[in-house]
Amino acid sequence: MATTKRKGGASGSERTNPRVWLYSILLTLQYGAQPLISKRFTGREVIVTTSVLTCELAKVVCALILMVRDGSLKKVFSQWTLVGSLTASGLPAAIYALQNSLLLISYKNLDSLTFSILNQTKVFFTALFTYIILRQKQSIQQIGALFLLIMAAVLLSIGEGSSKRSGSSDPEQILFYGIIPVLVASVLSGLASALCQWASQVKKHSSYLMTVEMSIVGSLCLLASTTKSPDGEAIRQHGYFYGWTPLTMIPVVANALGGILVGLVTSYAGGVRKGFVIVSALLVTALLQFLFEGKPPSIYILVALPLVMSSISIYQKYPYQVKKKES
């Protein structure tokens with residue numbers, strides 16, 4: 001009689017690796033705090049492209065410092081090739097550059113919690129593109145965990161919809177410059193995350209090197225776009241640092257560190273698990289809004305909290321198992 005043998009060692013390793021939890025917790029805090037930090041320290045006059053370009057430069061500097069610190073810099077660059085770089089990082093870099101610009105536009109036109117609610121939809125697009133590109137399947141329990149996330153997102157959306165406070169009172173501006181940009185950014189994030197996971201886990205590309213490559217390629221794409229874009233015209237007319245203050249560097253550096261953490265989480269845990277970080281960041285955002293803006297968490301957030309925690313636990317505990325038949 002045929003018996004089955006289950007294989008799930010890799011997933012179990014990811015689940016117990018303390019580095020996965022450390023990077024995930026740090027990324028959760030960064031994602032949760034980023035909307036509030038950006039709204040507080042980025043003036044509406046700041047040209048979006050200048051903020052993105054400065055963030056990409058900060059990522060390169062941070063990644064190089066970390067490679068020097070762990071002693072991998074010489075080895076990584078001795079094995080570097082242009083073809084390998086473009087294959088692993090070229091397309092994701094261009095996608096992430098566009099995504100960052102869309103997110104910065106949304107920050108200015110949505111309140112922090114609404115932004116985070118919409119931003120968490122990237123977990124579903126990540127699961128979709130991970131299946132398409134890597135054929136990575138989800139177990140029945142993991143699919144159930146994703147449904148719990150949907151329920152939590154719906155609750156949070158209902159609660160936020162009853163008392164929305166955004167950066168603009170114009171519904172059309174909120175839709176076209178807030179909601180649509182962040183949703184498109186979520187689709188792009190899912191695609192880029194799956195491509196990065198393919199590069200790091202299949203092609204064995206260093207996450208720090210990918211950060212450097214993607215930042216450089218993304219910056220070149222943005223610089224090319226400034227020849228025709230309104231932002232490019234604004235830079236030529238007002239100067240690169242128009243609207244900046246010393247405090248504007250705070251969200252830029254925070255976003256850069258978040259970008260490095262994204263690479264580490266994707267490399268060690270995969271794109272879908274990184275998506276759970278984004279959902280958890282909703283709760284961090286709500287807590288920070290209560291602490292710094294005096295906005296208490298609604299009943300919907302309190303109900304959504306155990307749903308989010310349960311979904312994370314279930315997804316981690318029940319990875320997809322490949323069944324092998326033995327005669």
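How close do the axes of helix α3 (residues 48-70) and α12 come, and at what angle do they cross? I started my notes with that pair. The model is a predicted one, and I kept that in mind throughout.

**Entry 1: α3 and α12**

I looked up the two axes. They come within 8 Å and cross at roughly 50°.

Next I listed who makes the contact. On the α3 side I found Ser51, Thr54, Cys55, Ala58, Lys59, Cys62, Ala63 and Leu66. On the α12 side I found Met249, Val252, Asn255, Ala256, Leu257, Gly259 and Ile260. I sorted the contact of α3 with α12 by class: ten nonpolar, four polar and one charged.

**Entry 2: α10 and α12**

I stayed with α12 (residues 249-269) and turned to helix α10 (residues 207-225). Here the axes come within 9 Å, and the crossing angle is roughly 135°. α10 and α12 are therefore oblique to each other. I logged a right-handed crossing for α10 over α12.

From α10, the contact takes in Ser207, Tyr208 and Thr211. From α12, I wrote down Ile260, Gly263, Leu264 and Ser267. The class count for α10 with α12 is three nonpolar, four polar and no charged residues. I marked Ile260 of α12, which is listed in the contact with α3 and in the contact with α10.

**Entry 3: α2 and α13**

What angle do helix α2 (residues 18-41) and helix α13 (residues 271-293) make where they cross? I read roughly 50°, with the axes coming within 7 Å. That makes α2 oblique to α13. The crossing of α2 and α13 is right-handed.

The contact list took a while to copy out. α2 gives Ser24, Leu27, Thr28, Leu29, Tyr31, Gly32, Ala33, Leu36 and Arg40. α13 gives Lys274, Val277, Ile278, Ser280, Ala281, Val284, Thr285, Leu288, Gln289, Phe292 and Glu293. By class, I have eleven nonpolar, six polar and three charged residues for α2 with α13.

**Entry 4: two serines**

Is Ser311 buried or exposed? I first placed Ser311 in helix α14 (residues 299-317). Its relative accessible area is 0%, so Ser311 is buried. Leaving out neighbours within four places in sequence, I found Ser311 in contact with Ala145, Leu148, Leu149 and Phe276.

I then checked Ser139. Ser139 sits in the loop between α7 (122-134) and α8 (140-161). With a relative accessible area of 6%, Ser139 is buried because the cut-off is under 20%. Not counting residues up to four places away in sequence, Ser139 touches Tyr318, Pro319 and Tyr320.

I went to Trp198 in helix α9 (residues 171-201). Its relative accessible area is 25%, so Trp198 is partly exposed. Beyond its neighbours within four places in sequence, Trp198 is in contact with Thr87, Ile133, Leu134 and Lys203. I also took the C-alpha separation of Trp198 and Thr266, which is 9.6 Å. Those two residues are 68 residues apart along the chain.

Tyr300 came next, in helix α14. I found Tyr300 partly exposed, at a relative accessible area of 31%. How far apart are the C-alpha atoms of Tyr300 and Leu155? I noted 5.5 Å, for residues 145 apart along the chain.

**Entry 5: the whole chain**

I stepped back for the totals. The secondary structure comes to 14 helices and two strands. The chain has 327 residues, and 51% of them count as buried. I took contacts between residues at least 6 apart in sequence and found that 90% join residues at least 24 apart.

**Entry 6: confidence**

Confidence is highest in helix α11 (residues 230-238), at a mean of 92. Confidence is lowest in strand β1 (residues 3-7), at a mean of 41.

I flagged residues 1-16, where pLDDT stays under 50. The model has 29 contacts for this stretch beyond four places in sequence. Where pLDDT is low, predicted coordinates should not be read in detail.

Note on methods. Residues are numbered from 1 along each chain as its sequence is written. This is a predicted model: local features need pLDDT of at least 70, side-chain atom pairs count only at pLDDT 80 or more; totals for chains, interfaces and linings use all residues. Side-chain values use heavy atoms; hydrogens and water are left out. Axes are lines fitted to C-alpha atoms, for helices over the stretch in contact, and angles run from 0 to 180 degrees between N-to-C directions. Helices (H or I, at least four residues) and strands (E, at least two) are DSSP runs, numbered from the N terminus. Angles under 35 degrees count as roughly parallel, over 145 as roughly antiparallel, 65 to 115 as roughly perpendicular and the rest as oblique. A crossing is left-handed if the near helix is turned anticlockwise from the far one by less than a right angle, and right-handed if clockwise. Contact means heavy atoms within 4.5 Å. Ala, Val, Leu, Ile, Met, Phe, Trp, Tyr, Cys and Pro count as nonpolar, Asp, Glu, Lys and Arg as charged, and the others, Gly among them, as polar. pLDDT is the predictor's confidence in each residue, from 0 to 100. Buried means under 20% relative accessible area, exposed over 50%, partly exposed in between (1.4 Å probe, protein chains only).
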